[in-house]
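Here is a short report on the structure below.

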Amino acid sequence: MAYQRARLLIAAALSAVALASTACSGGAGDDQNIALRMTVWTTDKNQLALFDSIAAEYRKAHPEVASVKFDVVPGDTSAYSAALTTQLSGGNPPDLAWILERDAPDFVQSGALTDLKPTLDKTAGYNAGELVPSATKLWTKDSGLYAYPFSTSPFGMFYNKNLLTQAGVTETPDQLLASGRWTWDAAKQIATQVAARDTGKAGLVVREFEYKQWVLLASVWRGFGADAWGPDGKTCGFATPEMTSAMTFLHQAIFTDKALPGPGTTADFFAGESGLTIAQISRAGLLKAKPFEWGIVPLPAGPKANAQVIGQAGIGVPVKGKHAKAAADFLAFFTDPANSAKLGQYFPPARDSLLNAATLAKANPLFSQEQLQNVVVNGIKTGAVLPSHTGSARIASLVQSALDPMWKPDANVPAALAGVCQAIDPALSQ
Amino acid sequence: MTLTARRRDALAGWIFITPQLLGFLAFVVAPLAAVVWYSFQDVNLLAGTSVFAGADNYAKLFDDPTAPKVARATAIFCVGLVVLNLALALSLALLLNLKLRGTTVFRTVFFSPVVVTLVAWTIVWNFLLQDNGGINALLQTIGVDGPNWLRGNGTAMLSVIVVQVLKNVGLNMVLFLAALQGIPASIMEASQLDGAGPWRRFRSVILPMISPTTLLTAIITVAGALQVFAQIQVLTLGGPADSTNVLVFYFYQQAFANHDLGYGSALAVVLFLVILVLTLLQWRMRKRWVFHES
């Protein structure tokens, strides 16, 4: 009896193991019925529809790919990065991942991504040689390309013509630009004027900064010749005289001139709540319904430089993904010259042949050729990507909390900036 | 092969507790063991590597300049929340225990936040607490210029505590109410006949009689306070200047934002030990002040 029972138990255990192993092996390494998944940091329906249409076209020629899912991860940049990392480490890696510029050094250095160069080089008609070096720099390691810089989106200054007129602004940013007087002081002057009219509208909003995403302030401080850290990434740039002058300018603009809304005050330019905003060109889709008359100009010139700033996103293929080869093939199609041109209406391309106002204008009915030339083409060719560093999330939270004392009317700006360097120096030198 | 009655009972007992036991092992013991294991590893989430690091992650705790700020924020939050929550819950329970018209309505009103989703509740408060939000607009109508609640050094912590207290006070209130209604009327009458006034009755009769409930609510509120996360994530992200950076939020940041799973896990183990010690302390000290236990 006991013997029989033992046999039964062993049989049950064996069948359970067999069942589990078949369940685990299902799907992995299959050449058919490939289901690709790409995590994306956008909730824009038009952008997702465009992705879907490109994927549908790809599947016609590739019957082995059963589906391509664009997996929307909502939330801000930190939430997106955290979700992506959790998926990668939790055994649920996406086949393709949209990667933000701040995470680029960590992803590229860690070896988590597949080198795309071999796939792109052998794809007929891909023409990888025309990718602009300033755009691929962040994603390159030892001549390998670890993510495709699919969106290279310059920051520009959008302005609401209606609000500016109501506030009695006589010269628009476009006119100031034309006469070579488009400076940070001029921008502050306009913003102060808009905010001073007692209509509850804000002057200038640095979109998504919200006194937390400090890295976006690079759009301001680069004009003053300042940056978060030196080119080698080891020396802190917050306590330099240039940074002090940039941050003092900003502090006065916020707390003395009220040109920018203070901490905790929300105002959305695209809902008509502010006169000016610094935002990436890819946000222009929000103005499709033309809620008001608007214009866009490059970032103003500062005392030291006429510096343009670029935000970037890459698409990479995680090494751990189940279908890395199929994913790289799909990426080569997704970003070939024809599809890059289509994507160009939301995500400015890093391809030299597409980087001219005439070509961009075809996909961007919202902008004039002059705007595309001034903001997009010049921006990408002359601009520098937002600051990034290995361990960027840690550095970001250290800077954020060290900068907090600065966002008060009576703050001691140089002391706060010295505190930032004190906080991040150990992390930078690692 | 027949089982004795005793054996049959034991088998039935095991069968009954097996599902619960398996769940406990899979979802409590196993993850806990994994966290302890991770806390001795240097994990690189992106590269998928994990190297034994000895006690490095625990040593890091003493070098981390943010750690004292986190300990301070956690202690302030915990003490503030427990004191405010228990005091308010007991006061509400005492008021609602009076036989007055409309008490049922008030009971429902105070309890309703307990059933609201935590994140939804916090997001609504996030709007209200903005500098140009509802609360300051309300204050403006009576001529008061309200502070920037979520950005001020002191007001940020106060806001987070109050939002959390309002969310959960209903639960403790109901527990206190049940305890108050469980006090035999004869004891209250006897104390009245002995000439005890309302304050004396409260201090010498009601408080001792409801002390088992006070112990229970204190234990669950302390444990809950130490585990606060969503409110911080939605309202302050630990700021300004780490003044609301409590331990759970900090280890989330370390593990999932900074990709330092080893250090994050070490912090989680420390939190586990703190909760364990506090709970044991409360349990050991119950004999001193809890009725029925001496």
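## Helix α3 of chain A

In this predicted model, helix α3 of chain A runs over residues 77-89. The helix has 13 residues. From first C-alpha to last it reaches 18 Å, close to the 18 Å expected at 1.5 Å a residue. Just after α3(A), A:G91 takes a positive phi of about 80 degrees.

## Contact between the chains

Chain A gives 28 residues to the contact, and chain B gives 22 residues. On the chain B side, α12(B) supplies the largest share, 3 residues. That side divides into 10 nonpolar, 9 polar and 3 charged residues.

## Nonpolar cores

In soluble globular proteins, nonpolar side chains tend to be buried together. Here the largest nonpolar core has 96 residues. A:L36, A:L331, B:F77 and B:V246 have the most contacts inside this core. Helix α7 (residues 153-181) of chain B brings the largest share, 10 residues.

Which residues does B:F77 touch, leaving aside its neighbours within four places in sequence? The contacts are B:M157, B:V160, B:I161, B:A225, B:V228 and B:V246.

A second, separate core has 81 residues. Among them are A:L250, A:A259, A:A393 and A:A402.

How values were computed. Residues numbered from 1 in each chain as written. Chains lettered and ligands numbered in written order. Predicted model: local features only at pLDDT ≥ 70, side-chain atom pairs only at ≥ 80, totals over all residues. Core = buried A, V, L, I, M, F, W, Y, C linked by C-beta atoms within 7 Å. Buried ≥ 20, exposed ≤ 12 C-beta atoms within 10 Å, placed from the backbone. Helix = DSSP H or I, 4+ residues; strand = E, 2+ residues; numbered from the N terminus. Contact = placed C-beta atoms within 7 Å. Expected span 1.5 Å × (residues − 1). Nonpolar A, V, L, I, M, F, W, Y, C, P; charged D, E, K, R; others polar.
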